[in-house]
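This briefing is meant to be read alongside the sequence and the coordinates.

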Amino acid sequence: MDGTLMKKKKDSDILKKFKEHSGGAVVKQLKIEYIDPLELSPNSYNPNLHDTTTFDMLLGSLKYFGFTQPVVANKDTTEIIDGEHRWRCACILEMEKIPVVWLSLTPEQMRVATIIHNRARGKEDGELVYDIEQQVDGS
């Protein structure tokens, strides 16, 4: 099986696991709460990695634009489900409050949600990014 087919199968498998483990954990209305970032803790299994350049870009984005996407955390354990790198940046920037959406999930649901959030980010279209950079440089 080639790499593309293997990734599609893995994505399909993780979606099946999500459906099996979701257990009605759907958020019908997003409720954002602002809390001290030190009240949260990272989970022990986050597979998402950032190199130094990417992390520094995120750090700069939060410094200049603030949060545009809340951290998602488990209400019962205060563990981060999605947004660990945003949380780490907030701690470095010594932010007093950050936006959080609370969910009550089982450990299995948390792991599946973390993978789904990470994979759903997508990839950049290099040509479109180049066009945008040219527009920004020309303005």
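Contact here means heavy atoms within 4.5 Å. In that sense, and leaving aside residues up to four places away in sequence, Ile92 touches Phe55 and Leu59. The model is a predicted one, and the points below place these residues within the arrangement of the protein.

**Overall make-up**

- The protein contains 5 helices and 4 strands, and reading along the sequence gives the order α-β-α-β-β-α-β-α-α.
- Among the contacts in the protein with a separation of 6 or more, 85% are accounted for by residues 24 or more positions apart.
- Of the 139 residues of the protein, 28% count as buried, while the accessible surface comes to about 9,900 Å², with 55% of that area belonging to carbon and sulfur atoms.

**Packing of α2 and α3**

- Two packed helices are described by the angle between their axes and the distance between the axes.
- For helix α2, spanning residues 52–65, and helix α3, spanning residues 84–92, the axes come within 9 Å and cross at roughly 65°, and the crossing in which α2 passes α3 is right-handed.
- On the α2 side the contact is made by Phe55, Leu58, Leu59 and Leu62, which meet His85, Arg86, Arg88, Cys89, Ala90 and Ile92 in α3.
- By residue class, this contact of α2 with α3 divides into 7 nonpolar, 1 polar and 2 charged residues.
- Ile92 is found in helix α3, and although Ile92 and Leu59 are 33 residues apart in sequence, their C-alpha atoms are 8.4 Å apart in space.

**Cysteines**

- A disulfide is a covalent bond between the sulfur atoms of two cysteines.
- The structure holds 0 disulfides, and Cys89 is accordingly in none, the nearest cysteine sulfur being that of Cys91, 9.3 Å away.
- Are Cys89 and Cys91 buried or partly exposed? Cys89 counts as buried because its relative accessibility is 0%, and buried means under 20%, whereas Cys91, at 27% relative accessibility, counts as partly exposed.

Technical notes
Residues numbered from 1 in each chain as written. Predicted model: local features only at pLDDT ≥ 70, side-chain atom pairs only at ≥ 80, totals over all residues. Heavy atoms only, no water. Axes fitted to C-alpha atoms, helices over the stretch in contact; angles between N-to-C directions. Helix = DSSP H or I, 4+ residues; strand = E, 2+ residues; numbered from the N terminus. Left-handed = near helix turned anticlockwise from the far one by under 90°. Nonpolar A, V, L, I, M, F, W, Y, C, P; charged D, E, K, R; others polar. Disulfide = S-S within 2.5 Å. Buried < 20%, exposed > 50% of the residue type's maximum accessible area, 1.4 Å probe, protein only. Areas by Shrake-Rupley, 256 points an atom, 1.4 Å probe, with all protein chains shown as cover.
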